[in-house]
Amino acid sequence: MYEKISPPETGEKITFAEGKPIVPDHPILPFIRGDGTGVDLWPASQKVFDAAVQAAYGGKRKISWFKVYAGDEACEQYGTYQYLPEDTLKAIEEYGVAIKGPLTTPIGGGIRSLNVALRQIFDLYACVRPCRYYAGTPSPHKTPEKMDVIIYRENTEDIYLGIEWREGTEIVKKLIEYLNTDLIPSTPEHGKKQIRLDSGIGIKPISKTGTQRLVKRAIQNALRLPKEKQTVTLVHKGNIMKYTEGAFRDWGYELATTEFRQECVTERESWILSNKEENPDISLEDNAHKLEPGYDALTAEKKEEACAEVKAVLDAIWESHGNGKWKEKIMVNDRIADSIFQQLQTRPGEYSILATMNLNGDYLSDAAAAIVGGLGMGPGANIGDSCAIFEATHGTAPKHAGLDRVNPGSLILSGVMMLEYMGWQEAADLIKMGIEKAISNREVTYDLARLMEPPVKPPLKCSEFADAIIKYFG
């Protein structure tokens with residue numbers, strides 16, 4: 001079946017049912033070492049994973065690791081430009097859950113990004129990026145401990161679909177002419193807009209299917225959290241891109257108020273319910289007036305729409321959500337993308353789960369990671385209905401490769417996510433405890449050591465940081 005790799009002789013496959021993994025006690029897990037510093041990161045990380053599983057389960061559970069290849073290491077094994085060999089794709093498809101270090105971006109034509117390619121090939125539509133603070137981690141933020149969010153980034157659509165055409169090519173000339181001559185003038189809302197003839201063109205597809213399956217996973221995660229963290233925020237720029245990002249917001253609300261009607265309340269619904277709770281005899285018009293601060297300036301038609309919204313909400317959910325019952329539901333709200341960047345800096349404690357489109361999520365997850373220690377401490381997962389790949393979120397840093405000095409935190413914490421996904425919470429908790437104690441005791445690699453006050457000298461090596469984590473398993 002495979003050309004140049006062989007699965008372990010012991011272990012079993014992870015299977016899936018209704019989008020959830022069924023994990024045996026001795027699963028076979030493919031791993032990609034990664035390029036550049038992957039040569040240091042993977043051995044340190046695997047050592048931590050194995051030690052945690054052994055400490056948590058005493059041999060009852062064990063991972064059988066299956067080495068597969070991607071990136072530069074794959075080219076060494078399979079030949080030039082074989083960055084993503086068929087062997088690797090077959091192994092991930094067969095065994096379902098995999099983990100990888102950082103991968104190089106191929107030079108030249110073909111695959112633009114190995115990470116994006118893996119997400120699209122396996123339909124890993126949910127990029128999950130938790131950002132939480134570990135005590136003692138140096139941060140530029142005054143109160144980094146308030147940051148504890150999980151970002152659900154749609155992984156397969158938006159401009160990352162990669163459908164674009166270069167300026168000056170024949171197809172772009174034809175496309176611009178068609179848009180400028182036929183499509184744009186035929187749509188009155190576009191007025192006299194025209195695309196410059198020296199433009200490159202890309203498309204930004206956002207689908208209802210893609211949106212709602214992502215928001216569904218975000219809400220399902222919220223259901224597992226403590227009550228005070230049960231908020232899902234839809235992040236968008238719908239005030240400008242109404243039919244893509246605005247639709248993402250609308251479809252997210254639709255999913256929450258249909259499939260999760262008994263579990264969710266929207267922010268606007270909570271206002272309507274609160275108004276009636278404060279004044280049981282409030283009229284529809286007075287409730288609408290409180291709901292819309294600019295109510296008096298609205299046209300008669302808009303006022304009627306506001307009153308109709310109030311009536312529809314009260315008719316639909318007063319019995320199930322009224323009289324304070326909505327306070328026990330998952331709160332679903334939305335925020336404009338540029339606003340949420342600012343609010344993560346100024347009011348991080350107000351947010352729990354962010355559901356975003358691809359590009360916004362890319363920016364947001366890195367910005368949030370900076371508050372809690374940077375990408376070296378930022379884990380990531382790419383999850384679909386029949387496959388999941390966990391990954392370090394930083395680059396390959398080839399100038400540091402082989403020096404045993406880089407921080408393995410991102411890859412180790414991605415492994416924590418993998419263990420949690422597998423239902424092995426005890427092992428995951430040991431690693432989180434070990435990391436927090438190591439950092440609190442200033443046993444850190446150079447990237448964190450140089451930012452601490454006073455700086456830690458000498459810092460730990462990559463492999464030594466792994467040993468420090470394991471030491472605190474107790």
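Me: Let's start with C307: buried or exposed?
Reply: C307 counts as buried, because its relative accessibility is 18% and the cut-off for buried is under 20%. Keep in mind that this is a predicted model.

Me: And what about C264, buried or exposed?
Reply: C264 is buried, with a relative accessible area of 1%.

Me: How many disulfides does the structure hold?
Reply: Zero disulfides are found in the structure.

Me: OK, on to the sheet. What's the strand order?
Reply: The open sheet has 11 strands in the order β4-β3-β5-β15-β14-β6-β7-β13-β10-β12-β11, and the pairing is mixed. The edge strands are β4 (64–68) and β11 (264–266), each of which pairs on one side only. From one strand to the next, the twist averages 25°.

Me: Nice. In which sense do β6 and β7 pair?
Reply: β6 (residues 126–132) and β7 (residues 148–154) pair in the antiparallel sense, over seven bridges. Within that pairing, V128 stands opposite Y152 in β7.

Me: Which strands does helix α4 lie across?
Reply: Helix α4, residues 114–121, lies across β5 (97–100), β7, β14 (379–383) and β15 (388–392). Relative to β15, helix α4 runs at about 165°.

Me: Changing topic: what does UniProt place at S113?
Reply: The UniProt record, an unreviewed entry, places the feature "modified residue: Phosphoserine" at S113. That annotation may be inferred rather than shown by experiment.

Me: Good caveat. Where is S113 in the fold?
Reply: S113 sits in the loop between β5 and α4.

Me: Why does S113 count as partly exposed?
Reply: The relative accessible area of S113 is 21%, and partly exposed covers the range between the buried cut-off of under 20% and the exposed cut-off of over 50%.

Me: Which backbone nitrogen lies 3.2 Å from a polar atom of the S113 side chain?
Reply: That is the backbone nitrogen of V116.

Methods. Residues are numbered from 1 along each chain as its sequence is written. This is a predicted model: local features need pLDDT of at least 70, side-chain atom pairs count only at pLDDT 80 or more; totals for chains, interfaces and linings use all residues. Side-chain values use heavy atoms; hydrogens and water are left out. Two strands pair if DSSP finds at least two bridges between them. Helices (H or I, at least four residues) and strands (E, at least two) are DSSP runs, numbered from the N terminus. Axes are lines fitted to C-alpha atoms, for helices over the stretch in contact, and angles run from 0 to 180 degrees between N-to-C directions. Contact means heavy atoms within 4.5 Å. Buried means under 20% relative accessible area, exposed over 50%, partly exposed in between (1.4 Å probe, protein chains only). A polar contact is a pair of N or O atoms within 3.5 Å; within protein, one must be able to donate a hydrogen and the other to accept it, and residues adjacent in sequence count only if both atoms are side-chain atoms. A disulfide is a pair of cysteine sulfur atoms within 2.5 Å.
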